[in-house]
Amino acid sequence: GQRKKGCNPRDSGGAVMAGAAAASAEPSHAMPHLQMPEVEFLAEEEDVEIIPNFESDQFRFIVGDVGPFRPQRPVKVPLWLARTLRNRHKCKISPPEWLSKESLTQILDAEKSEESFSEIPQHFQEVAAVLIECAAQDIPDCEEVRALLADIYERRYQKIRRGLARAQDSEAIKMNNLTSMEISSIRPFFVESMNAFFVLNEALDQAYDGAP
């Protein structure tokens, strides 16, 4: 029972943040110092519900047991396993409640009407992309869902770009409710900014030390 990684979730579905600039935030549950591949890896540990069409005892993995599996009885499994079983036609996937036309419309309306960021799942982008890639037939109104996701990503990144612009003007910024993917994608900007700050600070210290 070893886990096998699949394709990069960001490459699927056409609705994932391609080419967008990003920004910073301080959600209390954010995972610090993670690079993009690590965020994607952790996203695949998120539980989703499947409807199996086979019978089996528990699957035993290093991280824990999953199952048992009975035909037509919903069971929670990690996203990576759900994708594997779906690709082998061993189950259907029940999309999470937020991955629906109604829920996404509400999120998009909130993103449009509020300057702050809506609170969405930490692995919103990655989970959505994987499910669209492997189980589009299991998602009602999938094309509309795909379009709504793209609009949400664009709205959020517009806010992020505005925040970055304010940061470049030395304004204090605070952005809550960013996802792990969004935080990781803008980390290089803040690392570079901090490096420039330390270089400038050191230069000022030397200048003052050498002053008569």
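Biologist: What should I know before reading any values?

Modeller: This is a predicted model, in which local features need pLDDT of at least 70 and side-chain atom pairs count only at pLDDT 80 or more, while totals for chains, interfaces and linings use all residues. Residues are numbered from 1 along each chain as its sequence is written, and side-chain values use heavy atoms, with hydrogens and water left out.

Biologist: How many helices and strands does the chain have?

Modeller: Helices (H or I, at least four residues) and strands (E, at least two) are DSSP runs, numbered from the N terminus. Here there are 6 helices and 5 strands. Read from the N terminus, their order is α-β-β-β-β-α-β-α-α-α-α.

Biologist: What share of the residues is buried?

Modeller: Buried means under 20% relative accessible area, exposed over 50%, and partly exposed in between, with a 1.4 Å probe and protein chains only. Of the 212 residues in the chain, 39% are buried. As for contacts (heavy atoms within 4.5 Å), 73% of those between residues at least 6 apart in sequence join residues at least 24 apart.

Biologist: Which residues have the most contacts inside the largest nonpolar core?

Modeller: In soluble globular proteins, nonpolar side chains tend to be buried together. A nonpolar core is a set of buried Ala, Val, Leu, Ile, Met, Phe, Trp, Tyr and Cys residues joined through side-chain atoms within 4.5 Å. The largest one in this chain has 36 residues, and I50, L99, L104, F124 and L149 have the most contacts inside it. Among the elements that each supply at least two residues of this core are β1 (47-52), β5 (91-94) and α3 (101-113). Helix α4 gives the most to this core, with 8 residues. Another core, of 8 residues, lies apart from it and includes F117, I160, M175 and I183.

Biologist: How many aromatic pairs are found?

Modeller: Rings of Phe, Tyr and Trp (its six-membered ring) pair if their centres lie within 6.5 Å; planes under 30 degrees apart count as stacked, over 60 as edge-to-face and the rest as tilted. A search of the whole structure gives 7 aromatic pairs. In one of them, F59 and F61, the ring centres are 6.4 Å apart and the planes stand at 85°, so the pair is edge-to-face. F59 is partly exposed at 23% relative accessibility, whereas F61 is buried at 14%.

The rings of F124 and Y153 are also edge-to-face, because their planes stand at 90°, with centres 6.1 Å apart. F124 belongs to helix α4 (residues 124-135) and Y153 to helix α5 (residues 142-168), so this pair ties together parts that are 29 residues apart in sequence. F124 is buried with a relative accessible area of 0%, and Y153 is buried with 3%.

Biologist: Which residues do ring pairs link into a cluster?

Modeller: The cluster consists of F54, F59, F61, F69 and W80. F54 lies in the loop between β1 and β2 (59-61), and F54 counts as buried at 13% relative accessibility. Beyond its neighbours within four places in sequence, F54 is in contact with F59, F69, R70, P71, L85 and K90.

Biologist: What does the side chain of E182 make a polar contact with?

Modeller: A polar contact is a pair of N or O atoms within 3.5 Å; within protein, one must be able to donate a hydrogen and the other to accept it, and residues adjacent in sequence count only if both atoms are side-chain atoms. The side chain of E182 makes such a contact with the side chain of R156, at 2.8 Å. A polar atom of the E182 side chain also lies 2.8 Å from the backbone nitrogen of T179. E182 lies in helix α6 (residues 180-209) and is buried, with a relative accessible area of 0%.
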